[in-house]
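Please read the points below with the model open beside them. They cover salt bridges, surface charge, the nonpolar core and a few backbone details.

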Amino acid sequence: MPRGGDRDIPKRPSKEEIEQALPGFVGAIQQIPPSYSAIKVGGERAYDLARDGEAVSLEPRTVFIKSAELLALPDPDHAEFKIRCGKGTYVRAWVRDLARALGTCGHVCALRRTRVGAFCAEDAIGLETLKGFMHSPAAFEHLRPLSTALDGIPALAVTGPDAVRLRSGNPILIRATQFARITDAVREGDDLQGLTVFCSTGEGEPVALTALEAGELRPFRVFNFGTG
């Protein structure tokens, strides 16, 4: 309960003030992750340190917000937003920073993810519904091909011998032409070391998920469908 009169009551920004502030939180922005996050600090998760009462200092990072929209102000204490953001974004931090810019304070009381890549909430089915016809042909009507989950990951077609090496867990050297195709699929300035690359055959058959390291593609998940 507020104490000391109206001076201790946080400001309630208007609809107009919020909408005027939103453009500053769209595009490439700097964001300090919350202390209660899974980022590792000295080999330990930040949330474990924070729960133990230790001060956690995290470095700011660049995240990308494609769009942000104020949907509603149900009452003076709540605002509803819809944002489209890139990987690594902390919505809690986004709300925290927006509130600070408006001269108030704020936190997330409800969060719903409606889309991840090619998967959206409108196409989802409930777990209880799925359980009803597990191990039956009807279940396959709701399954999507593996490539759906890999949409957005840089892809590369590999030769037969390279496919055999990757499926055996061995790295392959990346050629100049292959490297050029990969770099065309990522944003300028992105760090390519450790980049995940989806390798498939020329016919589109999945081979492996690989990491780009020291001029090699090193498999960390291989696909051997129909081999035993």
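1. Arg-12 has a relative accessible area of 39%, so it counts as partly exposed. Here buried means under 20% relative accessible area, exposed means over 50%, and partly exposed is in between (1.4 Å probe, protein chains only). The areas come from the Shrake-Rupley method with a 1.4 Å probe, and for residues only the protein chains shown count as cover. The model is predicted: local features need pLDDT of at least 70, side-chain atom pairs count only at pLDDT 80 or more, and totals for chains, interfaces and linings use all residues. Residues are numbered from 1 along each chain as its sequence is written, and side-chain values use heavy atoms, with hydrogens and water left out.

2. Which residue does Arg-12 meet in a salt bridge? The partner is Asp-77, at 2.6 Å from N to O. A salt bridge is a side-chain nitrogen of Lys or Arg within 4 Å of a carboxyl oxygen of Asp or Glu. Arg-12 sits in the segment before α1 (15-21) and Asp-77 in the loop between β4 (61-75) and β5, so the pair ties together parts that are 65 residues apart in sequence. Helices (H or I, at least four residues) and strands (E, at least two) are DSSP runs, numbered from the N terminus.

3. The count of salt bridges comes to 6. One of them joins the side chains of Asp-97 and Arg-96, at 2.8 Å from N to O. Asp-97 counts as buried because its relative accessibility is 18%. Another links Glu-216 with Arg-218, where the closest N and O atoms are 3.0 Å apart. Arg-218 is partly exposed, at 35% relative accessibility.

4. The positive one gathers Lys-66, Lys-82, Arg-84 and Arg-115 on the surface. Within this group, Lys-82 belongs to strand β5 (residues 78-85) and is partly exposed, with a relative accessible area of 47%. Patches are made of residues with over 30% relative accessible area and no salt bridge; like charges are joined within 9 Å, and nonpolar side chains (Val, Leu, Ile, Met, Phe, Trp, Tyr) within 5 Å. Lys and Arg count as positive and Asp and Glu as negative, while His and the chain ends are not counted. The place of a charge is taken as NZ of Lys, CZ of Arg, CG of Asp or CD of Glu.

5. Asp-48 is part of helix α2 (residues 46-51). With a relative accessibility of 33%, Asp-48 counts as partly exposed.

6. Which residues touch the most other members of the largest nonpolar core? They are Val-158, Leu-166, Val-197, Cys-199, Val-207, Leu-212 and Leu-217, in a core of 14 residues. At least two residues of this core come from each of α6 (160-167), β10 (196-200) and β11 (206-213). The largest share, 3 residues, is from β11. A nonpolar core is a set of buried Ala, Val, Leu, Ile, Met, Phe, Trp, Tyr and Cys residues joined through side-chain atoms within 4.5 Å. In soluble globular proteins, nonpolar side chains tend to be buried together.

7. Check the backbone at Ala-214, where phi is near 50°, a positive value in a residue other than glycine. Most residues other than glycine have a negative phi. Ala-214 is in the loop between β11 and β12 (216-222), and its relative accessible area of 60% makes it exposed.

8. The loop between β1 (27-31) and β2 (40-41) holds Ser-35, and Tyr-36 lies in the loop between β1 and β2 as well. Ser-35 is partly exposed at 32% relative accessibility, and Tyr-36 is partly exposed at 45%. For Tyr-36 and Leu-49, 13 residues apart along the chain, the C-alpha separation is 8.5 Å.

9. Ala-72, in strand β4, is partly exposed at 29% relative accessibility. The C-alpha atoms of Ala-72 and Lys-15 are 8.6 Å apart, and the two residues are 57 residues apart along the chain. Lys-87, in the loop between β5 and α3 (91-101), is exposed, with a relative accessible area of 83%. Lys-87 and Val-116 are 29 residues apart in sequence, and their C-alpha atoms are 9.8 Å apart in space.
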